[in-house]
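Hello,

Here is the structure for you to look through. My notes on the sheet and the helices follow below.

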Amino acid sequence: MLLAGPAQAHPAPFSYLDVDIREDGTRGMLTVHMVDAAHELGIGDPEELVSRPLTEAEIDRIERLLSERVDLRADGMRLDPQWGEATAIAESDALRFAFTLPMIEGGSLTLDSELFPYDPQHQTFANIYEDGALAQQWIFSSGSDPRTFYRGTAAGTWDVIQTFVPAGAWHILIGADHLLFLAGLMLLGGGWKKTAIIVTAFTVGHSVTLSLAALSIWSPPGWIVEPAIALTIIIVGVDNLLRGEGRDLRAGAALLFGLIHGFGFAGVLAEFGLPPNALGWSLFSFNLGVEIGQLAFVIPLAAAIGWLWRKRPDLARKLNLSGSIVVIAAGSYWFAQRTFLAGVV
């Protein structure tokens, strides 16, 4: 104890960033704790920063550092803050830096920030205002992903559509389990009318639960949803083998199992992040993207299988047999993996 040296506590590992987007330009304020600023400046006693005026060299150094670590972008173009007044706030043990940004012409603003990497506990609380009204709040910490604010304008709505439609289409096209489920439903053919009914039933099902989960109304945990999705794939394959060309229950299965798959889509959408200020448009756009991706897969597949059932029914039956076995095998693998091997590296 006698050999212990002095230690500087870090009572508040937080910074605060306020950005106000207006038609005539964007203004902002960045508040940092004196301990963080002193660390970056190499000053042993942080109290110095609030007990005396900052030198021009200190202000310039801190502002250059903040410019590097606060990444603000509009339409993909980085916005460089124009720093204004720097003020010491003694009662808060903080330094406050005012800044302005060029006028934001586009419909969105993307922010990424890791202000003080030396402290893994540090967090930056960001408040985004539009015309003085609080519209969005984020917390950035070590390893946080960039966040995007969509403005409440026509340009903002268009940016939402451009972002979430491709995201929805991409998710369905890389989702092997969802595609295999759809492929299993297509194996028995049935013509365009039957195909349209099946696809519509699946769309209605997953749209309902996607909306329920995205709006935080109800969402079962992933450890239930993911094995359940695999189980729906198995059931479709088994139904193809047992019923063959008998009574067709695929539309009902598509509706019922679509409810389960919708929760899977919602899990991805939650990771992607729904902007609260554009919730309706982002949800609609993501769902639209899912439908576009779904149709891009189903239409050529249904056309090929339908042609096969009309021209070569014997070969179509063999395809149904072999394809259904593949569907069952893949579904069984995913079910075992998601039930018994979940979390196992």
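At what angle do helix 5 and helix 6 pack, and how many Å apart are their axes? This is a predicted model, where local features need pLDDT of at least 70, side-chain atom pairs count only at pLDDT 80 or more, and totals for chains, interfaces and linings use all residues. Residues are numbered from 1 along each chain as its sequence is written, and side-chain values use heavy atoms, with hydrogens and water left out.

Helix 5 (residues 176-186) packs against helix 6 (residues 191-214) at about 150 degrees, with the axes 11 Å apart. Helices (H or I, at least four residues) and strands (E, at least two) are DSSP runs, numbered from the N terminus. Axes are lines fitted to C-alpha atoms, for helices over the stretch in contact, and angles run from 0 to 180 degrees between N-to-C directions. Helix 5 and helix 6 are therefore roughly antiparallel (over 145 degrees). Helix 5 contributes Phe-181, Leu-182, Leu-185 and Met-186 to the contact; helix 6 contributes Thr-195, Ile-198 and Phe-202. Contact means heavy atoms within 4.5 Å.

Strands pair if DSSP finds at least two bridges between them. Strand 1 (residues 14-22) and strand 8 (residues 123-130) are parallel over 8 bridges. Leu-17 stands opposite Ala-126 in strand 8.

Best wishes

Technical notes. Angles under 35 degrees count as roughly parallel, over 145 as roughly antiparallel, 65 to 115 as roughly perpendicular and the rest as oblique.
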